[in-house]
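This report describes a protein–DNA model, beginning with the surface that faces the DNA and then turning to the contact between the protein chains.

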2 protein chains.
Amino acid sequence: MDVFEAVAEPHRRALLDLLAERERPAGELVANLPTLTQPAVSRHLRILREVGLVEVRPDGQRRIYALRADRLIEIDNWLGRYRRYWRDHLDALERHLADRIGMQDDPTTQNGPDDD
Amino acid sequence: MDVFEAVAEPHRRALLDLLAERERPAGELVANLPTLTQPAVSRHLRILREVGLVEVRPDGQRRIYALRADRLIEIDNWLGRYRRYWRDHLDALERHLADRIGMQDDPTTQNGPDDD
DNA sequence: CAGATGAATCAGTTGACGCGTATATACGCC
DNA sequence: GGCGTATATACGCGTCAACTGATTCATCTG
């Protein structure tokens with residue numbers, strides 16, 4: 001299983017999203033995915049562990065899971081090859097819209113904010 | 001099938017990579033994936049079509065396939081939530097390495113280059 | 001119109017993945 | 001040591017996606 005397949009699963013993306021906020025014990029992750037059973041979540045966590053997207057740290061009988069986002073760089077690099085395509089495309093669209101609607105505050109924000 | 005699943009398949013990423021260079025007729029794509037049969041490629045193209053990652057244009061009996069990269073924005077947006085994590089992480093790593101090895105030319109290149 | 005070529009689809013099989021139930025292991029407390 | 005909680009693993013099942021091979025559809029050419 002590679003990183004691309006790992007994040008293709010919506011439940012696993014949900015787990016990563018939860019871990020992006022803060023690290024959490026496994027049980028808390030289970031509680032946040034009410035449609036899945038505990039073993040199901042455990043298996044997803046195992047896969048995320050195997051591809052290096054999360055780390056585990058024991059805390060007594062709990063296991064604290066934490067995000068390791070740098071494994072996502074592989075996807076980001078691949079995506080990088082295409083970024084200019086939609087950037088060009090959107091630039092053209094923006095100019096077109098700006099021209100039509102007169103440069104209002106504009107929802108391209110959905111894509112933009114690389115920078116925080 | 002969503003965009004994440006669509007690009008999770010290595011052959012489909014290979015097809016997108018070929019189409020990133022330029023649009024191509026289906027036969028040329030088949031020729032460039034020697035491990036797959038013509039029907040297999042056709043099915044992958046159908047999936048890419050269904051999720052909107054490619055467009056088809058008939059040219060006589062040929063079908064010209066072209067990239068529609070803007071559907072990848074969905075992945076880019078999702079990834080955006082994590083970008084700051086590995087940026088911070090790598091910044092720290094870079095500083096650490098730069099400090100230790102004295103700012104040589106350095107194999108962090110695996111990540112850096114956004115290259116186009 | 002007949003034949004050839006490019007491409008998509010149909011039919012059938014197989015294998016991988018995700019699920020839930022049941023069970024095992026690890027730790028914490030009494 | 002025994003029990004309860006927290007997490008992981010084992011097993012069996014259903015589903016879906018990917019492959020192969022055969023076929024069909026469309027278009028071009030003689």
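## Surface near the DNA

By class, the surface near DNA strand C comprises 8 nonpolar, 10 polar and 7 charged residues. Here Ala, Val, Leu, Ile, Met, Phe, Trp, Tyr, Cys and Pro count as nonpolar, Asp, Glu, Lys and Arg as charged, and the others, Gly among them, as polar. The model is predicted: local features need pLDDT of at least 70 and side-chain atom pairs count only at pLDDT 80 or more, while totals for chains, interfaces and linings use all residues. Residues are numbered from 1 along each chain as its sequence is written, chains are lettered from A and ligands numbered from 1 in the order in which they are written, and side-chain values use heavy atoms, with hydrogens and water left out.

DNA strand C is surrounded by 25 residues, of which A:His44, B:Gly27, B:Gln38, B:Gln61 and B:Tyr65 are the closest. A residue is near a strand if one of its heavy atoms lies within 4 Å of it. Sugar or phosphate supplies 57% of the atoms of DNA strand C within 4 Å of the protein, and bases supply the rest. Both chains take part: helix 2 (10-21) and helix 4 (38-50) of chain A, and helix 3 (26-32), helix 4 (38-50) and strand 3 (62-67) of chain B, each give at least two residues to this surface. Helices (H or I, at least four residues) and strands (E, at least two) are DSSP runs, numbered from the N terminus.

Around DNA strand D there are 24 residues, and A:Gly27, A:Gln38, A:Gln61, A:Tyr65 and B:Arg43 come nearest. Of the atoms of DNA strand D that come within 4 Å of the protein, 60% belong to sugar and phosphate. The surface near DNA strand D divides into 7 nonpolar, 9 polar and 8 charged residues. At least two residues each come from helix 3 (26-32), helix 4 and strand 3 (62-67) of chain A and from helix 2 (10-21) and helix 4 of chain B. Helix 4 of chain A gives the most to the surface near DNA strand D, 6 residues.

The table lists polar contacts (pairs of N or O atoms within 3.5 Å; within protein, one must be able to donate a hydrogen and the other to accept it, and residues adjacent in sequence count only if both atoms are side-chain atoms).

| Side chain | DNA atom | Distance |
|---|---|---|
| A:Arg12 | phosphate oxygen, DNA strand C | 2.9 Å |
| A:Thr37 | phosphate oxygen, DNA strand C | 2.9 Å |
| B:Gln38 | base nitrogen, DNA strand C | 2.7 Å |
| B:Arg12 | phosphate oxygen, DNA strand D | 3.1 Å |
| B:Arg43 | base oxygen, DNA strand D | 3.1 Å |
| B:His44 | phosphate oxygen, DNA strand D | 3.0 Å |

## Contact between the chains

Chain A is superposed on chain B by a rotation of 180 degrees with 0.0 Å of shift along its axis, at an RMSD of 0.1 Å. The two copies are therefore related as by a two-fold rotation axis. In chain A, the C-alpha nearest the axis belongs to A:Ala8, 3.2 Å from it. The same surface serves both copies, since 97% of the contact residues of chain A recur in chain B. The superposition is by least squares on the C-alpha atoms of residues with pLDDT of at least 70 in both copies.

Contact (heavy atoms within 4.5 Å) joins 32 residues of chain A with 33 residues of chain B. The area buried between chain A and chain B is about 3000 Å², and carbon and sulfur atoms give 60% of that. In chain A, A:Trp78, A:Tyr82 and A:Trp86 lose the most area to chain B, together 17% of what that side buries. Buried area is the accessible area (1.4 Å probe) that two parts lose on being put together, summed over both.

Between chain A and chain B there are 4 salt bridges, each a side-chain nitrogen of Lys or Arg within 4 Å of a carboxyl oxygen of Asp or Glu. A:Arg81 and B:Asp17 meet in a salt bridge at 2.9 Å, N to O. There are also 12 residue pairs in polar contact between chain A and chain B, both residues at pLDDT 80 or more. On the side of chain A that touches chain B, helix 1 (3-8), helix 2 and helix 5 (73-101) of chain A give two or more residues. Helix 5 of chain A has the largest share, 13 residues.
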